[in-house]
Amino acid sequence: MSVTPRVLLSIDYEPVFALFRWYDGLKDPARRREIDNGFTRQAIDPILEQLGDSRASIYLVGEIVEWYPEVPQKIVSAGHELGLHCHIHRPLGNVRELAEDLRASAAWCTVWCARLSRTHDRDQ
Ligand SMILES: [Zn+2]
């Protein structure tokens, strides 16, 4: 019996400023969205197009869903696995911060990740 992996590529999809750690402490969601300046809304289409028929696991930063609710739908509609990277991209210092971060993305992740899980269950 051989095992064939279903996914060979995973992508962390996060605001462009996440690469620069000096925004980790920026708490104002409106300012964070302003700095992103539409990048995460615009970058998903060429990425999905480049993936073509290949399937990937894409781990999404939750605040992107608040800014651009169409992003998770595009990912799932293109047949990719969707996961949570975090709600706001920054170091999480303790269990309380982790719990708050998970709660902040629970609603969208339940909708989009659960939908994919049911699809996977049906396919097996
Ligand atoms: Zn990251």
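The report below treats the sheet, then a helix, then a loop residue.

This is a predicted model, in which local features need pLDDT of at least 70 and side-chain atom pairs count only at pLDDT 80 or more, while totals for chains, interfaces and linings use all residues. Residues are numbered from 1 along each chain as its sequence is written.

**The sheet**

Helices (H or I, at least four residues) and strands (E, at least two) are taken as DSSP runs and numbered from the N terminus, and two strands pair if DSSP finds at least two bridges between them. On these terms an open sheet of 3 strands is found, with the order S1-S2-S3 and parallel pairing. Because S1 and S3 stand at the edges, each with a single partner strand, one side of each is left without a neighbour in the sheet. Neighbouring strands of this sheet are turned by 25 degrees against each other on average, direction ignored, where the axes are lines fitted to C-alpha atoms and angles run from 0 to 180 degrees between N-to-C directions. The two pairings are set out here.

| Strand pair | Bridges | Direction |
|---|---|---|
| S1 (residues 10-13) and S2 (residues 57-61) | 4 bridges | parallel |
| S2 and S3 (residues 81-86) | 5 bridges | parallel |

Individual bridges can be located as well: Asp12 has Tyr59 in S2 as its bridge partner, and Ser57 has Glu81 in S3.

**Helix H4**

A residue is called buried if 20 or more other C-beta atoms lie within 10 Å of its own, exposed if 12 or fewer, and partly exposed in between, with C-beta atoms placed from the backbone. In helix H4 (residues 70-77) the buried residues are Val71, Pro72 and Ile75. These residues cover an arc of only 95 degrees around the axis, which puts them on the same side of H4; the arc is that of the directions from the helix axis to the C-beta atoms. Glu70 and Ser77, which are exposed, sit on the face of H4 turned away from its buried side. After H4 comes Gly79, with a positive phi near 90 degrees.

**Asn37**

The loop between helix H1 (29-36) and helix H2 (39-51) contains Asn37. Phi of Asn37 is near 55 degrees, a positive value in a residue other than glycine. Asn37 counts as exposed because it has 12 C-beta neighbours inside 10 Å.
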